[in-house]
Amino acid sequence: MKTVTTTEALAAFCQEAATRPYVTIDTEFLRERTYYAKLCLVQLAIPGIDGPDTGEAILVDPLAGDLSLDPLYELFRNTAVVKVFHAARQDLEIFFTEGKLFPEPLFDTQVAAMVCGFGEQVGYETLVRKIARDNLDKTSRFTDWSRRPLSDAQKTYALADVTHLRVIYEYLAAELERTGRAKWLREELGVLTDPETYIVRPSEAWQRIKTRTNSGKFLAVVRELARFREGYAQSRNIPRARVFKDDALLELASTRPQNIEELSRSRLLLREARRGEIADGIIAAVRVAQETAPEEYPKVPGTNSRLQVNPALADLLRVLLKAKSEETGVAQKLIATSSDLDLIAAGERDVPALKGWRREAFGEDALRLCRGEIALTARGSSVEVVTL
């Protein structure tokens, strides 16, 4: 098990990787004590000349003092080499934050597996078992990857995340070509390589908070508290829950403390947040919210309950979705959400299920069903589409 600790050694591997059609990549990181993920290890593997299993695999230690990831970033820019990940979102966020770039071109085996009929958010362990015909030892999954030296068990676990990935990639890539669904994958990966996916703006942080009310006055306080918390957490690189948790935020939005004495009555606020900069920030945020004009209150997106949904049509669309899911082998939730179906049944057409590959797999027939051009019929245990 080769561990790379110098820039020169990483550059040598990346030069060799540049001669291969693809490289498989994974990372190990910590995020429990920081806002931004701390990169602790990078795993890389390339296929051999005689097959995927005969190539080289290495561990890259970014915590080694004299190691730069610049050679890896140069490989990421090399469009002749496919960069293969499984469930790439967190890995891509790390590289976007650290290196300000995305690997190109990208292949995510989790997304590809969903498109190829392996179900929704299929795990790496499942693909190893079903495609690579092997099993994984996951006992090292939750170890502290920042501690050195790494144990042999940790190294073995980490390398398995990229060595089996070579076989999985080659199988799924071939399956996508066979079924003509490669473009489906490219559409899905567009979200993963959009910087907006990873940029968290404090002014928008309130939208992540689940509330039971749509009161503009209440949401104005939620917005300002969330804005303060997000900015504070980002600037100090600490988890937002270390500032104060969501339940405390909602309590503060209800009680709207005006001073330290009122703030101290909070039941849910951490002791550290009852004084100093956090306490001052909370009181200031509440003050800003209360000075907000009603026309500037935040508004939640319209709910489907306000739409004129045709319930019978919505039910038929659900039956059609099930039939299309079985026909294509793609999970229903990946094709269309329940909200999508209600929107279509209410006459909305700017819906994700009616765009891109989803329109091809489901949307066209959904629109034909809405126009009365097709009907659904049961035949045995399956549902079939009948043209009228």
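In this predicted model, helix α13 (residues 311–328) and helix α15 (residues 338–345) have axes that come within 9 Å and cross at roughly 130°. That angle makes α13 oblique to α15. The crossing in which α13 passes α15 is right-handed. On the α13 side the contact is made by Leu 313, Ala 314, Leu 317, Arg 318 and Leu 321, and on the α15 side by Ser 338, Leu 341, Asp 342, Ile 344 and Ala 345. By class, the residues of this contact of α13 with α15 are 7 nonpolar, 1 polar and 2 charged.

Helix α5 contributes Tyr 124, Leu 127, Val 128, Ile 131 and Ala 132 to the contact, while the residues from α6 are Ala 160, Asp 161, Val 162, His 164, Leu 165, Val 167, Ile 168, Tyr 171 and Leu 172. The contact of α5 with α6 divides into 12 nonpolar, 1 polar and 1 charged residues.

The axis values of the two pairs are listed below.

| Helix pair | Axes come within | Crossing angle |
|---|---|---|
| α13 and α15 | within 9 Å | roughly 130° |

Methods
Residues are numbered from 1 along each chain as its sequence is written. This is a predicted model: local features need pLDDT of at least 70, side-chain atom pairs count only at pLDDT 80 or more; totals for chains, interfaces and linings use all residues. Side-chain values use heavy atoms; hydrogens and water are left out. Axes are lines fitted to C-alpha atoms, for helices over the stretch in contact, and angles run from 0 to 180 degrees between N-to-C directions. Helices (H or I, at least four residues) and strands (E, at least two) are DSSP runs, numbered from the N terminus. Angles under 35 degrees count as roughly parallel, over 145 as roughly antiparallel, 65 to 115 as roughly perpendicular and the rest as oblique. A crossing is left-handed if the near helix is turned anticlockwise from the far one by less than a right angle, and right-handed if clockwise. Contact means heavy atoms within 4.5 Å. Ala, Val, Leu, Ile, Met, Phe, Trp, Tyr, Cys and Pro count as nonpolar, Asp, Glu, Lys and Arg as charged, and the others, Gly among them, as polar.
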